[in-house]
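Have the sequence and the 3D view open as you read.

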Amino acid sequence: MSAELIQQAAKCLQVRGVFLRECSLEQKSDFDPRLFQGELSVQFRVGAEESQVVEMTDEISKEKSKVFKVIIGTGLRLIDSSNVTEDNVETGIVATLSAKFSAEYLVRDGSVIPLEAQEEFAKINAVYHVWPYYREFVQSTLARSGIPLVEVPMFMIPQNNQGLDQEKQE
């Protein structure tokens, strides 16, 4: 992580919004969360999948502006520990919840953001900005589906380019 590159990008950007782009909840057909008596572990995944600067034109004023868009992919898996085989955790998956968010930033007039700065900002700051929306999405979706609520951990900035994958035992 390069704090200098992130700062370089941050000086050129203004938050425009965070938007849900896609979402999916799947449960195994034989899994009834209200009757389940076992122990579930939880795996989280989150990361910037793509980013780009796009030019947009306001429909009314016809003014042009540049927007830095970052697509953040998220995922959550609930795993029944009793069904996990030694060589395959996939056998224990009872539910998955995934979503893609778009974090969008207005590029200040005349600003040029080097590609390396865009990439660093997308990996850290954009994910950080999406995190509260992701937490709310997980909580409300699980509550509506009857799946026991899980605690989405605080966002932890990765050290030494480690990934953002996290696992938590419930």
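## Strands, helix and core

Strands β2 (residues 40-57) and β3 (residues 64-80) run antiparallel and pair over 17 bridges; pairing here takes at least two DSSP bridges between two strands. Strands are DSSP E runs of at least two residues and helices are H or I runs of at least four, both numbered from the N terminus. Before going further: this is a predicted model, where local features need pLDDT of at least 70, side-chain atom pairs count only at pLDDT 80 or more, and totals for chains, interfaces and linings use all residues. Residues are numbered from 1 along each chain as its sequence is written, and side-chain values use heavy atoms, with hydrogens and water left out.

Back to the hairpin: β2 and β3 have six residues between them, and Lys62 in the turn shows a positive phi of about 65°. Along the pairing, Gly47 has Gly73 of β3 as its bridge partner.

Now for Glu104, which sits in strand β4 (residues 93-107). Is this residue buried or exposed? Glu104 is buried, because its relative accessible area is 7% (buried is under 20%, exposed over 50%, partly exposed in between, with a 1.4 Å probe and protein chains only). Its side chain makes a polar contact of 3.0 Å with that of Ser102. Such a contact is a pair of N or O atoms within 3.5 Å; within protein, one must be able to donate a hydrogen and the other to accept it, and residues adjacent in sequence count only if both atoms are side-chain atoms.

| Residue | Touches |
|---|---|
| Glu104 | Gln14, Val15, Arg16, Gly17, Phe19, Val67, Phe68 and Lys69 |
| Leu78 | Leu40, Ser41, Val42, Gly92, Ile93, Val94, Ala95, Ile147 and Val150 |

Leu78 also matters for the core count: of the 40 residues in the largest nonpolar core, Leu76 and Leu78 touch the most other members. A nonpolar core is a set of buried Ala, Val, Leu, Ile, Met, Phe, Trp, Tyr and Cys residues joined through side-chain atoms within 4.5 Å. The largest share of this core, twelve residues, comes from α2.

Helix α2 (residues 115-145) has a kink of about 40° centred on Ala122, the bend being the angle between axes fitted to the seven residues ending at a residue and the seven starting there. Gly146 follows α2 with a positive phi near 80°.

Definitions and conventions. Contact means heavy atoms within 4.5 Å. Lists of a residue's contacts leave out its neighbours within four places in sequence.
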